[in-house]
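Let's walk through this structure together, from its helices and cores to a few backbone details. Have the model open beside you as you read.

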Amino acid sequence: MHIGVVGAGVVGLQTAWQLRLRGHRVTIFDPKPGHGATRAAAGMLAPISEVQFGQDKLYPLMLAALREYPEHIARLARATDRPHGYLENGTLLVAGDRADLTRVADHARVHAEHGMHTRPISQQRLREAEPGLNPRLAGGYEVPTDHQIDPRLLVGALQDALSAELDPGDFPGVGPAAVSREETVVRIDESGGDGATQDVTTAEGRVHRVDRVLVACGLGYRSLGGVTEGFPLDLRAVHGDVLRLRLREGYLAPGERHVVTATVRATVLGRQVYLVPRADGGLVVGASVREDGLSGVNAGCVQELLEDAVTVAPGVRDMELVETMARARPGTPDDIPYLGYVPDAPGVVVSTGYSRHGILLSPLGARLGAALLTHEPLGDDDARLLETMDPTRFGAGAGPARERLAGGIPA
Ligand SMILES: Cc1cc2nc3c(=O)[nH]c(=O)nc-3n(C[C@H](O)[C@H](O)[C@H](O)COP(=O)(O)OP(=O)(O)OC[C@H]3O[C@@H](n4cnc5c(N)ncnc54)[C@H](O)[C@@H]3O)c2cc1C
């Protein structure tokens, strides 16, 4: 089949890769590939440390997605030499003072209730493991299974794997190299009455006929015309400010690797900050969560992030600040994505609303999205995960994903 993918963020690219692996021809539309929310993301793959109270339906998705990462990365690395930045460096949850430690301990209790593995870590052990942390921190917890990936590197690796000539000996049945078009999609329409083909119209005035369409353009979903117009989704912009810093040459003492080596998520005076160290000496500090509509960088958020990061690891003060950035996360009321058929348009699948966890959830969303597009049979576990992401769950459109799966779409 020829499948059009609208949006080349992490979700569109991951799904395009899954489709190519399944033998399909893919055309990807995006005026600025990789420059949406994906560009800002820290890339924490952190189902445990990122858990919030009351998000019971999200944890199984996050845990299932994390389990898919190693195999997914191994396959990607066979297709391209480009680095992907996947790093199994674990995470520390730390607290600025005693009151913060109570908050972190409350979270640890939620983790334990959901069978998630965290271990208390003493101040002394914390100092031994991470000498760059402030010795006055009140303590914390270790999360050895929460890791990270560099989303910008991942985007580059996916783009390379999508466009490379792949050896069918290594990738049996693989589809042709994907085509990328730097065009903005304005509408998607069924071209025949039976939904067998779709027309993708772009702002550049072209109409591309394809068999199926994946709509993975994040918040851009809201401005599309055609079949999605009758299916509005509860999507909102949740902006995040994030900082990128770099170690200065000669700063580290012999034997030191970074100001911190594990990802550190800290609670400082009740505020949240994370420090994600990259293998190349970079450090990502983030992120604010705001719905004030400001698409540029918020000065106060930058100030708080820097203050809190320096409180957690005083060496941050001596690093070079190389970038401040803000992007909008495609937010949903429950932080759970929308993945399923667009009602009454059986050849169109929507995959958006990945909120705060799109990098983590993307291999899972991509695999299930590809399965929906190509009408693959799904096991019970996958069907349950899909049901959680049912795009009609807030009342819009028709029945749940499971019913549509049972009904099927034209082959
Ligand atoms: C500051 C910050 C930190 C984050 N940290 C993490 C983290 O640590 N871990 C994690 O898992 N997640 C994190 N996230 C969330 C994650 O970035 C998002 O969930 C994820 O990037 C969403 O991916 P996407 O592909 O759906 O959207 P996007 O990355 O926004 O991609 C959508 C793409 O669609 C394109 N597009 C839009 N409209 C059209 C159109 N009409 N036609 C064609 N193309 C179009 C855009 O140009 C864009 O490239 C973070 C987000 C932010 C903002």
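This is a predicted model: local features need pLDDT of at least 70, side-chain atom pairs count only at pLDDT 80 or more; totals for chains, interfaces and linings use all residues.

Let's step back for the overall view. The protein chain has 10 helices and 20 strands. Its C-alpha atoms fill a box of roughly 70 × 40 × 40 Å along the principal axes. A compact globule of 411 residues would have a radius of gyration near 22 Å, and the protein chain agrees, with 22 Å. Buried residues make up 56% of the 411 residues. Among contacts with a separation of 6 or more, 72% are between residues 24 or more positions apart. The chain exposes about 16900 Å², of which carbon and sulfur atoms supply 49%.

Of its 12 residues, 12 are buried, so α1 is largely enclosed by the rest of the structure.

Trp17 takes us to the largest nonpolar core. Of the 54 residues in this core, Trp17 and Ile28 touch the most other members. The elements that give two or more residues to the core are β1 (2-6), α1 (10-21), β2 (25-29), α3 (58-79), α6 (151-163), β19 (338-342), α8 (358-374) and α9 (380-388). The largest share, 10 residues, comes from α3. Apart from this core lies another, of 27 residues, among them Leu243, Leu275, Val285 and Val302.

Leaving aside neighbours within four places in sequence, Ile28 is in contact with Val5, Gly7, Ala8, Leu13, Ala16, Leu162, Ala178, Val179, Ser180 and Arg181.

Next, find His72, which sits in helix α3. His72 counts as buried because its relative accessibility is 3%, and the cut-off for buried is under 20%. Its side chain joins that of Gln14 through a polar contact of 2.7 Å. Beyond its neighbours within four places in sequence, His72 is in contact with Gln14, Trp17, Gln18 and Pro363.

From there, turn to helix α4, residues 98-113. It has 16 residues and reaches 23 Å from first C-alpha to last, close to the 22 Å expected at 1.5 Å a residue. At the start of α4, a side-chain oxygen of Asp97 reaches to within 3.1 Å of the backbone nitrogen of Ala99. Just after α4, Gly115 takes a positive phi of about 70 degrees. The buried residues of this helix are Asp100, Leu101, Val104, Ala105, Ala108, Val110 and His111. An α-helix has 3.6 residues a turn, so residues three or four places apart point the same way. What covers the buried residues of α4 includes α3, β4 (91-95), β6 (139-143) and β15 (263-268).

Which residues does Gly270 contact, leaving aside its neighbours within four places in sequence? They are Asp100 and Arg103. Gly270 is found in the loop between β15 and β16 (271-277), and counts as partly exposed at 36% relative accessibility.

Most residues other than glycine have a negative phi, and most peptide bonds are trans. The peptide bond from Gly286 to Ala287, however, is cis, with omega near -25 degrees. Ala287 is found in the loop between β17 (282-286) and α7 (299-312). Asp344 is not a glycine, yet has a positive phi of about 65 degrees. Its place is the loop between β19 and β20 (345-352), where Asp344 is exposed, with a relative accessible area of 67%. Ser355, also not a glycine, has a positive phi of about 50 degrees. Ser355 is found in the loop between β20 and α8, and is buried, with a relative accessible area of 8%.

Conventions. Residues are numbered from 1 along each chain as its sequence is written. Side-chain values use heavy atoms; hydrogens and water are left out. A nonpolar core is a set of buried Ala, Val, Leu, Ile, Met, Phe, Trp, Tyr and Cys residues joined through side-chain atoms within 4.5 Å. Buried means under 20% relative accessible area, exposed over 50%, partly exposed in between (1.4 Å probe, protein chains only). Helices (H or I, at least four residues) and strands (E, at least two) are DSSP runs, numbered from the N terminus. Contact means heavy atoms within 4.5 Å. The expected span of a helix is 1.5 Å times one less than its number of residues. A polar contact is a pair of N or O atoms within 3.5 Å; within protein, one must be able to donate a hydrogen and the other to accept it, and residues adjacent in sequence count only if both atoms are side-chain atoms. The radius of gyration is taken over C-alpha atoms; the globule rule is 2.2 Å times the number of residues to the power 0.38. Accessible areas come from the Shrake-Rupley method with a 1.4 Å probe; for residues, only the protein chains shown count as cover.
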